[in-house]
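Look at the chain below and follow how its parts meet. The text goes from the division of the chain to one interface.

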Amino acid sequence: MDKFSFLNAAHAQLIDDMYEQYLKYPDSLEPSWKAFFQGFDFAREYYGDDDSYTDASPVVQYAQQSVNNGQASEDISKEFKVLNLIEAYRTRGHLFTKTNPVRERRHFVPTLDIENFELSQADLSKKFNSATTTGMSGPATLAEIIKHLEEIYCDSIGVEYMHINDVDEKQFIREWVSVNENHPKLSAEEKTEILFKLNQAVAFENYLHTKFVGQKRFSLEGGESLIPALDQLITRSSQLGVDEVVLGMAHRGRLNVLTNIFQKSYKEIFSEFEGKEFEEDVFSGDVKYHLGSSKTITTANGEEVIINLTPNPSHLETVAALVEGICRAKVDHKYKDYNKVLPIIIHGDGAIAGQGIVYEVAQMMTLDGYKTGGTVHIVVNNQVSFTTNYLDARSSIYSTDIAKVTQSPVMHVNADDVEAVVHAIRFAADFRARFGKDVYIDLLGYRKYGHNEGDEPRFTQPNLYKSISKHPNPREIYKQKLIQENIVSDEVLKTMEQDFKKLLDENFDASKEITRNAMTPFMAEDWVDFPMAPKGSVLKDFDTKYDLAKLKELAIKISTLPADKKFLNKITRLFDNRIKMVDNDSLDWAMGELLAYATLLTEQFGIRISGEDVERGTFSHRHAVIKTEDTEEEYTPLKHVSDAQFDIFNSHLSEYAVLGFDYGYAMASPNTLTIWEAQFGDFMNGAQIIIDQYLVAAEEKWKIQDGLVMLLPHGSEGQGAEHSSARMERFLTLCANDNIIVADITSPANYFHLLRRQMKFNFRKPLVVFTPKSLLRHPKVVSSLEDMANGEFQPILDDPTADPNKVERLVLCTGKLYFDLLAKKEESGDESVALVRLEQLYPLNFEKIDAIFEKYKNRKDLIWAQEEPENMGAWSYILRNFRDTGIQVISPVASGTPAPGSHKMFERNQTAIINKVFNCDDAPSNRPVTA
Ligand SMILES: Cc1ncc(C[n+]2csc(CCOP(=O)(O)OP(=O)(O)O)c2C)c(N)n1
Ligand SMILES: [Mg+2]
């Protein structure tokens, strides 16, 4: 072990500083230190510097040696012990705070008792220079030092920051908490304002409790100081330059936040308790504690701030990913500055500790494609998760231990001490503004009632609830404090409470007049140009054409490498080949896609593509970002076609959070084509919650539009059970009321038009595309520039060669199987079969489908053919939509896995399906086949 290992940075700094002081003013030091430095000077003169051990300064090395050899005076040895004690307060002080309002804290050892640092009671009155390292102005007695440290580290705020490696951040925090011993200095006006907000929070809950007895409201009681905290966070942040706030939170206290922060009128909330229908019948709406809101408010210091509360499903922590995406979109497209937009996420103690997406979102903090300049996390820590005690809810000491992943500071604060809460929240705003990193506030309170107000908490926590029932609410506690301080009089307080009660009463009466509840708009201002689409809008024609000559120019431009950079030969060949495709007017899938982006960029739409390995593309087809051979300098051709923003980011290995992020991004940027691509389609199941709760449901629940595109590689190619299916059946089950568009595309031109149409719509809908793997390089999967320039999106592709008079069997299919069937048709010359592809599976264009049925009216059979097992793929959906047509299926038999594990078996299955379609086997019926 390094001989100097006990010397930490604080020790070394102190010694260096004191030596400097000694050199200037030798008599200003304690005699023992003066003698010590004299000894050092003497030794140095005779023996020279000994720098053989560490890079510590000579005086620090000398100090260490003296202590090691037992040569240092007792006073100086003690000085080091005091330094160790100070260090212990910084690292472990948060374990010994008074932060729990309703119960004893767990007992942690070793404690900060001085005996554990080889100091004794007799030392309490001795003076130590180490005091100066804690922000004290000069040497102080050990008793004074401890009192000072207790105030900073062990009062109502526990400061957890020594896990941070960055020296500047640590120093910033140390200095910040040293000011006024980490206690707020508030003016009488500020105090009154805090009490006012606290009164609103407490009185509002009380009112609901008496007026809507037993109704679910997920009361904030026990954590009401969240309201002054949020108020202060917004005010402080606006002073630091924030223009817009995006907040994500779950059920607890949401009604309180909606009214007392978002200024939703009390009467609206009261009316929602009556469970009335929503104004517009087309929206099914949602429960009141999930609704979002956007508002421009004026803070106490007169600054305007836009605040947004993101609509939230029941699934805890999901909204965090969206909040980050929304903020990032606002930075990218509105503010161009991370300091202008503040993400705030409010967590429950159970959810933050238990939900995996918390980690996935935390990991975004510094990633190029996902960072937002730091998030303020507030945990409304009521020490219980539904009925589960905190000891069963996590293995970590704190629910906030995720903070350590991003080296973020945490302030644990007693929610009963509202001034401390305000102080901690100001720290959060300052730290975030200074370092652009996440910061956590652990608001330690309690939950007055059960999980909801109908629940009996004594079933599960009888003891705790005994003490909670006797506990005064935070307003009472603060009121008493301010009365004692002569800040407010009883009189003023009474008026404040009565006025507010009167306001609530008036609103209560007014709420009776409301017949139907309004849907609170969320970010409506960003969406003024996009009225909600009436049903059937997707089936209308949208012009996705593009000038042919310009398209060709663009195709060459994005396929030409800069002459002054050297790329791998393989890349050069690949790009040469793209030029050849243009020359031969035969463009592949990648070109169709890249040209859709290029054309949209020239029309001033932004593009954002994100997902695992999207820059190159999992199947090495895209190469949207290429690197020079020697320096790995990046070149992104699409960044050079216009000044519109083109972004493509490889994401971290997360689906749930990244899909949520991109969904949020699209929600806040209607003029940016936002795309999330799954590595293989099946991995979207890790993000199923985003799909179920937002993608397919947000328009109905919250009147929210979102144009996110999901690209999901799909298709059985003999690669085993995984990676073959993007679970088409699930998406098709979720389709209703034009909520999403589902497509399975087989031609580059159709893909080109599909992507362009997404931005040409005068509304926004999520688009789910099943994309190819082997078809990326299939010789028949090519299109001409003409098809792109002057074509249009084809929801259904008719058989190009079939003669309706000869067709006996009309086969509908989708995706890759078409090309397998086509090969058989060409090989066999069978003209009795027509192969028709459904390219848009939802919404189905029945007008066009009926025309096809009419065209092949001589048919004897109508078949749906699919390579997915009978219980998967589109079959159930097709059956539901074509139930009157007598349609039959040809598919593999039902199975628990989407595809067989063995390539041989896959081939046998595929051949069996194909033979069945062409009646080339002996099986008697059109039942699903097993090979
Ligand atoms: C993903 C998910 N799992 C389970 C639930 C059911 N649930 C709702 S609230 C709750 C407890 C939440 O505890 P905590 O995060 O501490 O918040 P609190 O209600 O205590 O404020 C649970 C388990 C849910 N809503 N979402
Ligand atoms: Mg809780």
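Which domains does the domain assignment of the chain give? There is domain 1 (188-515), domain 2 (545-790) and domain 3 (796-930), with bounds that come from an automatic or database domain assignment. This is a predicted model, in which local features need pLDDT of at least 70 and side-chain atom pairs count only at pLDDT 80 or more, while totals for chains, interfaces and linings use all residues. Residues are numbered from 1 along each chain as its sequence is written, and side-chain values use heavy atoms, leaving out hydrogens and water.

Now take domain 2 and domain 3. Their C-alpha centres lie 27 Å apart. In contact (heavy atoms within 4.5 Å) are 34 residues of domain 2 and 28 residues of domain 3. The two domains bury about 2500 Å² between them, 56% of it on carbon and sulfur atoms. Buried area is the accessible area (1.4 Å probe) that two parts lose on being put together, summed over both. Of the area that domain 2 buries against domain 3, Ser716, Leu732 and Thr746 supply 23%, more than any other three residues.

How many salt bridges are counted between domain 2 and domain 3? The count is one, where a salt bridge is a side-chain nitrogen of Lys or Arg within 4 Å of a carboxyl oxygen of Asp or Glu. Glu826 forms a salt bridge with Lys780, and their closest N and O atoms are 2.9 Å apart.

Conventions: Chains lettered and ligands numbered in written order.
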